[in-house]
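Subject: Structure handover

Hello,

Here is the structure for you to look through. Please open it alongside this note. My findings follow below.

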Amino acid sequence: MPQPILVSACLLGLSTRYDGQSKLNEKVLNYLRNHNLVPVPVCPEQLAGLPTPRPKTFFATGSGPEVLDDRGRVIREDQTVMNEVFIRGAKETLKVAHLAGCDRALFKDGSPSCGVHRICRAGSKVAGQGITTALLLRNGLQVFSEENL
Ligand code: SF4
């Protein structure tokens with residue numbers, strides 16, 4: 001019986017990225033096929049109500065868990081603090097997971113929302129989780145990235 005899995009929409013070829021592009025990943029498509037998984041595409045930033053294209057966003061301090069706890073900040077290039085918007089996207093994504101019966105997610109690494117092993121903070125790639133990843137993990141979902149395949 002095929003099982004549902006949340007997947008970052010950009011990895012599936014949907015043009016959801018901040019620059020209006022996708023990140024279609026053949027390894028992801030093969031993994032889904034080989035494991036009899038039905039992808040449920042989600043883009044937390046679009047679910048938050050943000051437009052595409054949209055300004056680039058990165059962490060000024062902390063990472064996903066710290067933003068959820070109001071101890072970190074995610075900002076736009078123009079320095080606007082985006083914590084509230086990104087947390088809204090994370091919560092909407094969690095709702096989709098529950099509606100679709102997903103207990104796992106395959107996410108795009110490096111993103112402020114979907115990062116699993118690394119994020120971008122103040123211009124550098126550093127270890128850390130995105131905001132949606134952190135919320136899903138806190139709610140018992142398994143989250144891995146295309147870099148695990
Ligand atoms: S928020 Fe996630 S799904 Fe949306 S474009 Fe960024 S990495 Fe892809």
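The peptide bond that joins Thr 52 to Pro 53 is cis, with omega at about -5°.

Confidence comes next. This is a predicted model. Mean pLDDT for the chain is 98, and 100% of the residues reach 70 or more. Among the elements, helix α5 (residues 131–138) has the highest mean, at 99. Strand β7 (residues 124–127) has the lowest, at 97.

Now the ligand. Which residues come nearest to the ligand? They are Cys 10, Thr 16, Cys 43, Glu 45 and Cys 114, out of 14 residues around it. By class, that shell holds six nonpolar, four polar and four charged residues.

Where does the ligand sit? It takes up the space of the largest pocket. The volume of this pocket is about 580 Å³. Its lining counts 25 residues, and Arg 17, Tyr 18, Gly 110, Ser 111 and Pro 112 are the closest to the centre. Sorted by class, the lining has 10 nonpolar, six polar and nine charged residues. Two elements, α2 (44–47) and β6 (118–121), each supply at least two residues of this lining.

Helix α1 has something to look at on either side. Asn 25 caps the N-terminal end of this helix, which covers residues 26–34. A side-chain oxygen of Asn 25 lies 2.9 Å from the backbone nitrogen of Lys 27. Just after α1 comes Asn 36, with a positive phi of about 55°.

One more backbone point. Asp 70 is not a glycine, yet it has a positive phi, of about 60°. Where is Asp 70? It lies in the loop between α3 (64–68) and β4 (73–76).

- the largest pocket, where the ligand sits;
- the cis bond between Thr 52 and Pro 53;
- the cap that Asn 25 places on α1;
- Asp 70, with its positive phi.

Best wishes

Definitions and conventions: Residues numbered from 1 in each chain as written. Predicted model: local features only at pLDDT ≥ 70, side-chain atom pairs only at ≥ 80, totals over all residues. Heavy atoms only, no water. Near = heavy atom within 4 Å. 1 Å grid on protein atoms, 1.4 Å probe; cavity = no way out; pocket = protein on both sides within 12 Å on 5 of 7 lines; lining within 4 Å. Sits in = over half its atoms within 2 Å of the grid points. Nonpolar A, V, L, I, M, F, W, Y, C, P; charged D, E, K, R; others polar. Points joined across faces, edges and corners; volume = space filled by probe spheres on them. Helix = DSSP H or I, 4+ residues; strand = E, 2+ residues; numbered from the N terminus. Polar contact = N/O pair within 3.5 Å; in protein donor to acceptor, adjacent residues only side chain to side chain. pLDDT = per-residue confidence, 0-100.
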